[in-house]
Amino acid sequence: MNADDPKKIDPSGSEPVAESWSVPIWLILIFGLLFYWGQLFLAENAGGFSKDVYGPFHSDDDVANANPQDPEAKMRAEGKRVFDNTCVLCHQATGLGKEGTAPPLAGSEWVQAAKGDRIARIVLNGLTGTINVKGQDYNLTMLAWRDNYNDDQIAAVLTYIRSQWGNKGGPITPDVVKSARAESHPGPETSDELLKIPVQ
Amino acid sequence: MMTLFGSALTWLLLASLLGLLNSLKFHAPGLLASQPYLSYGRVHAAQSASFLYGFAVPAAVGLGLWLLCRLGRTTLAGPTIVFVGAIVWNTAVTLGVAGILCGGSTGYEYFEMPAWCVPILFLAYLMIGLCGLFTFHQRQPERLYPSQWFVVGALFWFPWIFSTAALTLLCMPARGVLQATTAWWYARNFDTVFLGFAGLASAFYFIPKLLGRPLHSHYLAAFAFWTLALFGGFGGMPESAPLPLWIISLSLVGTVLTVVPILAIVLNFYETVRHHLNMLDADHVLRFTYVGLFFWLIASVQQIIGALPSVSGITDFTWFGAAQKELVHYGFFAMTLSGALYYIVPSLLKLPTSAWCPKLLRVHFWFMLLGVLISYLSLLVAGIGQGVLLANTGNSFIEVMLRTMMPLRMSTLGDLLVVVSIAVFLANFAGMVMQSCRQCWLARKEAL
Amino acid sequence: MNGGPLLFVGLLATMAFSWTGFILAPQIQLGSMGQTNTVPIGDASPLTYPLAQSGEAHAGAEIYRANGCAACHTEMVCATNLGTDVFRGWGLRRSVAEDYLLQQPVMLGSQRIGPDLANFGRRADTNGIYLRLYDPRLITPKSVMPAYRFLFETHKIGLFPSRDAIVLPDQDAPTAGYEIIPKPQARALAAYLLNLRQDGYLFEAPPPPQPKTNAVSTNAVAAKPAK
């Protein structure tokens, strides 16, 4: 390279030039389609950009479900869903009930009894007349839910209320609800009838 | 610049020799194993480092500088600095490769140069790169030609990925698997973007120039350039990596989207050469460039196919990846640069292009082509075979290895041919230098 | 497209694109990962995971790195839908980012010329490691793994034979009165290899629902009987 004025060098031979044909439309289309595919692929296969999702799982839920499940936890989760759907309207989210509407579930000796036969019947068939809960009398009416929920769901909600608000009670299996459904008569329960059922 | 090229070629020869040695170790595992300096792992790292940092970077940079001068209708800015930079770079690489053989490799693929070497390399590169920047700056105010974008892109890309890798792997090592992420990202960017840009710059320059026809489309080249810049480096994570799914999926999407620049480049060149294929055999530079470009196409397509989950489940961590690397490094980059050098060296030495020894040139071309083909195809067969056999749990690992030995041993033949071709090239190159020196000396004698 | 500045800005932007996607974003998400607890099976209690390597294992990692073992061995177990690793007994489960938290350097490797080593510590023992390093063909007759004899030294037996002296078959045994013991590098490497285990299931890599099948193991040939 000679040391001439750098701007005035013109080497032998001509340099290539480029014509100006435009980019074919089909190439742009392919680009667009591939880009679109890419977005769809990422929506499906990026695991929500979560750091916990590794192949072959696709979402955080998949991973959570693949982990060993605690069956009681699952029941409580389902029971909470049922409770929030229906029971909370009268018994309140605090489980303390409401004057003139529903007795409390929190700390209730009925809820925490060793066996769940009585509360299963209450939920299945409803309740009329006076009932004594935590030393107080409640003279209210509860609707029957035997036609609205199946045994699993009622067992789940009973498990839920027995573990909430400081309540100490074990889970209720669907069999308990099933036998309660079979043995009891449709039509609201009364406190006296229920007290005849053994729960120890 | 001659220093850059001369040293690059020497390193290429050394790298290929190391590769041959490693390939031979598969025939006789005890070969040279008694000393730690030539054990397989160290030789592998040394081979990789000497190819990438001894040959590829200087060759790419040298080519880039030359193209910037030619297309900018100007001379190189700061040639002394470039010369010093080349000396420093080569010293650093020499010491680094020796360090690797003594056990100083960093353990990261593509980034094996020992930690103490890295700042020296970076400094040397900065010296040369800044000269390149100034050369670009003092260009004649004309429309930029595609090769210039590719060259500037490559010159810009390398220090960025190199420094990122250096910081995240060596200075402030990232925690855990993020080291691997960086290493894979670096490798992908190095191969697809840095080497890709350099080789494509050469192709974009020499094919239209030597055919005497204009490049088909400026806009298509721009489209290819930007999409390759965007998606070329956007990947590199193997499907089976211990990384969250989103990183793998993102990598896959980026890799698949490199279809777009591939199509754009293929279309551009196809339209350019379409009616002039009869000139295919006319010019040796063109032959190298065509073959190089063809191999680039195959390698890029293989990269995309290899990233697909159904394929990578079989081909990940097999010889498939090694085949791909062979194709990109030797088939595409070394061949394209060889062709470029056959033009550039006489022009720099002010010799006519007929000054090359044609017999040696032919040997170089055919041996390199055959060598790459044999090497690539046998590694590809070995890789796919290994993957398919391993997918069957009835085959124990050692059985699978033994059954892939045959194609692996064939690849040694390919390696040998490549080594011979490079030695021949180096001889030819030395011959040219000597001719130039003799001319210079004669001219000086006459002047007296 | 003409301007130098436009070119640079464009290159910077495209480079930043891939840098953000693969360097920055993973660092933000995984960079502050800490130790976690394993997912217990049955009544087992959760354990802290991962545990730090011992100092000797850390030194061994340097030997592994210096000798380029990662050129032939990977250290990651593939998911069951992407490879037969778990079926080959190379691990209980696929590898995840948590597994490499406390490793330095992290050498995942990229090629399996030799088997995967992510869980080598679960299936290896010290003597086996020494034998294999000294001459892999003692354990696997047709292995292509190079012999790392420079990690061992032969010296005269002193008052008592070394506890670590490796036991070789007759034709390879040293001359009488001499024993072959591993050098400190070999010991460190063995410590590192024995430390390679990815025990315990994690939230992101839960236990599989079905029992694993027992497939053919890594080495088809048993060791030669040593005297």
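**Entry 1: ground rules**

I count as a helix any DSSP run of H or I with at least four residues, and I number helices from the N terminus. I also remind myself that this is a predicted model.

**Entry 2: salt bridges**

I started with the charged pairs. How many salt bridges turn up over all chains? My search of the whole structure finds 17. I picked out a few to look at.

The pair I opened with is Lys80(A) and Asp84(A), whose side chains form a salt bridge at 3.0 Å, N to O. Where do these two sit? Both are in helix α3 of chain A, residues 71-91, and they are four residues apart, about one turn of the helix. I noted the general rule here: an α-helix has 3.6 residues a turn, so residues three or four places apart point the same way. I then checked how open the pair is. Lys80(A) is partly exposed at 38% relative accessible area, and Asp84(A) is partly exposed too, at 40%.

Next I went to Asp151(A) and Arg181(A), which meet in a salt bridge at 2.8 Å, N to O. This pair ties together distant parts of the chain, 30 residues apart: Asp151(A) belongs to helix α5 (residues 151-163) and Arg181(A) to helix α6 (residues 174-183), both in chain A. Asp151(A) has a relative accessible area of 17%, so I log it as buried.

Over in chain C I looked at Arg112(C) and Asp116(C), a salt bridge with the closest N and O atoms 3.3 Å apart. Are these residues buried or exposed? Arg112(C) is buried at 5%, and Asp116(C) is buried at 0%. Shared partners join Asp85(C), Arg112(C) and Asp116(C) into one network of salt bridges.

**Entry 3: cysteines**

My cut-off for a disulfide is sulfur atoms within 2.5 Å. Cys69(B) itself counts as buried, at 3% relative accessibility.

The closest cysteine sulfur, in Cys72(C), lies 17 Å away, so a bond is ruled out by distance. Cys78(C) is also in the buried class, with 3% relative accessibility.

**Entry 4: Asn167(A)**

I found Asn167(A) in the loop between α5 and α6 of chain A. Despite the loop position, Asn167(A) is buried, with a relative accessible area of 6%. What does its side chain reach? It gets to the backbone oxygen of Ile161(A) at 2.8 Å. Leaving out residues up to four places away in sequence, I listed what Asn167(A) touches: Leu105(A), Ala106(A), Gly107(A), Ser108(A), Val111(A), Gln112(A), Ile161(A) and Arg162(A).

**Entry 5: helix α4 of chain A**

I finished with helix α4 of chain A, residues 117-125. How many of its nine residues are buried? Nine of the nine are, so this helix is largely enclosed by the rest of the structure.

Definitions and conventions: Residues are numbered from 1 along each chain as its sequence is written. Chains are lettered from A and ligands numbered from 1 in the order in which they are written. This is a predicted model: local features need pLDDT of at least 70, side-chain atom pairs count only at pLDDT 80 or more; totals for chains, interfaces and linings use all residues. Side-chain values use heavy atoms; hydrogens and water are left out. A salt bridge is a side-chain nitrogen of Lys or Arg within 4 Å of a carboxyl oxygen of Asp or Glu. Helices (H or I, at least four residues) and strands (E, at least two) are DSSP runs, numbered from the N terminus. Buried means under 20% relative accessible area, exposed over 50%, partly exposed in between (1.4 Å probe, protein chains only). A polar contact is a pair of N or O atoms within 3.5 Å; within protein, one must be able to donate a hydrogen and the other to accept it, and residues adjacent in sequence count only if both atoms are side-chain atoms. Contact means heavy atoms within 4.5 Å.
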